[in-house]
Amino acid sequence: MAQPEAPNGAGQLLGGSRPTVDAGLVLQHVLERIHAEFGMLLEAAPAQSDATRKLGLLEHLHSSRQQLLRLAQLVQWHPKAKALVECVDQGKVLDQARQHAQMLDSAAVELFEAHLRRQPDFC
């Protein structure tokens, strides 16, 4: 018996492992980019007015802070995601739920049949 297709491609979301990126590489890339942007800001600073330098520094600090806050959230979430990925990758959660539902269904049928055998005049 074929299983119905999940709406909106939802079945594809749980279709097995996906390529991942090491969190350390993401962190390294972002830090290198922040450092490079700061270096470019410093190189351009002598030719700029005082107000332009301050504004450029403020914008750089604000964007760097936002990126680092996002990275902090990624690092905090990362250990929790491992357990979820293992369950989804191995199909444990969905397979166990399906097996549980099938066992409950067969148990209900068997109990009803046993009830009918004990009381033949019930129906």
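Q67 is found in helix α3, in a predicted model whose local features need pLDDT of at least 70, whose side-chain atom pairs count only at pLDDT 80 or more, and whose totals for chains, interfaces and linings use all residues. Residues are numbered from 1 along each chain as its sequence is written, and side-chain values use heavy atoms, with hydrogens and water left out. The chain has four helices and zero strands; helices (H or I, at least four residues) and strands (E, at least two) are DSSP runs, numbered from the N terminus.

**Overall architecture**

- Along the sequence, the elements follow the pattern α-α-α-α.
- Of the 123 residues in the chain, 11% are buried. Buried means under 20% relative accessible area, exposed means over 50%, and partly exposed lies in between, with a 1.4 Å probe and protein chains only.
- The chain has an accessible surface of about 10,600 Å², and carbon and sulfur atoms account for 62% of that surface. Accessible areas come from the Shrake-Rupley method with a 1.4 Å probe; for residues, only the protein chains shown count as cover.

- A23, V30, I34 and L41 are the buried residues named in α2. They lie on the same side of α2, because they cover an arc of only 35° around the axis. The arc is that of the directions from the helix axis to the C-beta atoms.
- On the face of α2 turned away from its buried side are the exposed residues L25, H35, M40, L42 and E43.

- Q67 counts as buried, at 17% relative accessibility.
- Leaving aside residues up to four places away in sequence, Q67 touches V30, R33 and I34; contact means heavy atoms within 4.5 Å.
- From C-alpha to C-alpha, Q67 and L27 are 9.7 Å apart in space, while 40 residues separate them in sequence.
- V75 is also found in helix α3. V75 is partly exposed, with a relative accessible area of 48%.
- V75 and L27 are 48 residues apart along the chain, and their C-alpha atoms are separated by 9.0 Å.

- The whole structure contains two salt bridges. A salt bridge is a side-chain nitrogen of Lys or Arg within 4 Å of a carboxyl oxygen of Asp or Glu.
- One joins D50 to R53, with the closest N and O atoms 3.3 Å apart. Both residues lie in helix α3, three residues apart, about one turn of the helix.
- The other joins K54 to D50, with the closest N and O atoms 3.2 Å apart. K54 and D50 likewise lie in helix α3, four residues apart, about one turn of the helix. Through shared partners, the salt bridges join D50, R53 and K54 into one network.
- An α-helix has 3.6 residues a turn, so residues three or four places apart point the same way.
- D50 is partly exposed at 41% relative accessibility, R53 is partly exposed at 31%, and K54 is exposed at 54%.

**Nonpolar surface patch**

- F38, L42, L57 and L61 form a nonpolar patch on the surface, with about 350 Å² of accessible area together. Patches are made of residues with over 30% relative accessible area and no salt bridge; like charges are joined within 9 Å, and nonpolar side chains (Val, Leu, Ile, Met, Phe, Trp, Tyr) within 5 Å.
- Helices α2 (23-44) and α3 (50-90) each supply at least two residues of this patch.
- L57 has its place in helix α3 and is partly exposed, with a relative accessible area of 36%.
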